[in-house]
Amino acid sequence: MAEIRLNGIEFFAYHGHHDEERVTGNKYSVDMRIITDLSEAAESDSLKDTVNYEVIYKIIKDEMAKPARLLEHLSHRINQEVLLAYPKITLVETAVSKFNPPLGGICKKATVITKAKSN
């Protein structure tokens, strides 16, 4: 087993519980951790034998473009799409952060981390 990590993927998107958040938008960051068997890719040196980062990025980008009220829901959707694309993944962990969340005080970012295992 091995890990693939994608860190600091940034987007401007329209998520949030409050209606105005889904109108004005905000800056978000996504970090992902994938646990999978990379032995075949290590031997073959072929992209077809691993998890393609470009595919993962597109999945994240597509899900970030669909408004959600909760970061929990958004992170869960991302995990499910990644597992659909790569059934051999053992575990995917996604952290979605919202910068400067509207809390009524200073908070640089709020982060939700969800994990999903393949069946």
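So, when I say helix or strand today, I mean DSSP runs, H or I over at least four residues for helices and E over at least two for strands, numbered from the N terminus. With that in hand: asparagine 100 is in the loop between strand E3 (91–99) and strand E4 (109–117).

A quick word on what we're looking at. This is a predicted model, where local features need pLDDT of at least 70, side-chain atom pairs count only at pLDDT 80 or more, and totals for chains, interfaces and linings use all residues. Residues are numbered from 1 along each chain as its sequence is written, and side-chain values use heavy atoms, with hydrogens and water left out.

Okay, the overall picture. The protein chain has 4 helices and 4 strands, and from the N terminus the order goes β-α-β-α-α-α-β-β. Its C-alpha trace spans about 50 × 25 × 25 Å along the principal axes. There are 119 residues, and 44% of them are buried; buried is under 20% relative accessible area, exposed is over 50%, and partly exposed is in between, using a 1.4 Å probe and protein chains only.

Now the backbone. Most residues other than glycine have a negative phi. So which residues go positive here? Asparagine 100 is one of them, with phi near 50°. Back in that E3–E4 loop, asparagine 100 is exposed, at 56% relative accessibility.

Aspartate 45 is another non-glycine with a positive phi, about 60°. You'll find aspartate 45 in the loop between helix H2 (39–44) and helix H3 (53–64). Aspartate 45 is exposed too, with a relative accessible area of 74%.
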